[in-house]
Amino acid sequence: MTLIAHTLHHRIPFLIGDILFTSKAGDESITLPTALGDTQHLLKELPYKPALYSQKVYVIKPNLIIGLAGSGSEMKDFLKEFRVQCCYYDKMTFNDLMRIIGDYDKDKLFKESAFIASLVEKENGRVQVRSVVYPENDWIDQKTDMFENIAACGTGDADFCYHAGKLGDFSAMAEVGS
């Protein structure tokens, strides 16, 4: 299972991604950090096994973040080139972002992967969050009572959107000064 997702609440973006990479040659003895208890016996049945843990969400510039999913080698190559291209801009704009993404040969070099890039810009005194996803058809995009927008991609996308869209009660117990 993999997941990268973006939510927007009161125009504040939040980008998340899991850390697990899997492969057919993975290692079922790798422990999964889960609240489900012992899951090792379940891994024997799966065609893809845990292979390693690695970061999938990156802050590229103070106003630009990207989340990646898919083939590790494609993600690594894309991220390297993306960072290099972004270095040429002191103040990244959405047009700059779209130009960089458009110039990358995604059909050839990123065909087994996906990304979401979110850019925060100030226009006419207002903060605006603009995002671009690839490939567009692989993303679930919805609006809920809680979030202005939820976008998710990966095998966990439908579950994430369902649960993230549910209103729930949250309470915490703490005393002032403790």
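**Sheets and salt bridges**

Reader: Which residue in strand 6 is the bridge partner of tyrosine 58?

Author: This is a predicted model, in which local features need pLDDT of at least 70, side-chain atom pairs count only at pLDDT 80 or more, and totals for chains, interfaces and linings use all residues. Residues are numbered from 1 along each chain as its sequence is written, and side-chain values use heavy atoms, with hydrogens and water left out. Strands (E, at least two residues) and helices (H or I, at least four) are DSSP runs numbered from the N terminus, and two strands pair if DSSP finds at least two bridges between them. In strand 6, the partner of tyrosine 58 is isoleucine 66.

Reader: Over how many bridges do strand 5 and strand 6 pair?

Author: An open antiparallel sheet of four strands has the order 5-6-7-8. Its edge strands, each pairing on one side only, are strand 5 (57-61) and strand 8 (126-134). Strand 5 and strand 6 (residues 64-69) pair in the antiparallel sense, and the number of bridges is four.

Reader: What angle does the direction of helix 2 make with that of strand 6?

Author: Axes are lines fitted to C-alpha atoms, for helices over the stretch in contact (heavy atoms within 4.5 Å). Angles run from 0 to 180 degrees between N-to-C directions. Helix 2 (residues 72-86) packs on the sheet, touching strand 5, strand 6 and strand 7 (114-123), and its direction makes with that of strand 6 an angle of about 165°.

Reader: Why does the pair of lysine 56 and aspartate 18 tie together separate parts, and how many residues apart are they in sequence?

Author: The two residues form a salt bridge (a side-chain nitrogen of Lys or Arg within 4 Å of a carboxyl oxygen of Asp or Glu), with the closest N and O atoms 2.9 Å apart. Lysine 56 lies in the loop between strand 4 (49-53) and strand 5, while aspartate 18 lies in the loop between strand 2 and strand 3 (20-23), so the parts tied together are apart in sequence by 38 residues.

Reader: Is glutamate 121 buried or exposed?

Author: Glutamate 121 meets arginine 130 in a salt bridge (3.8 Å, N to O). Buried means under 20% relative accessible area and exposed over 50%, with partly exposed in between (1.4 Å probe, protein chains only). At a relative accessible area of 11%, glutamate 121 is therefore buried.
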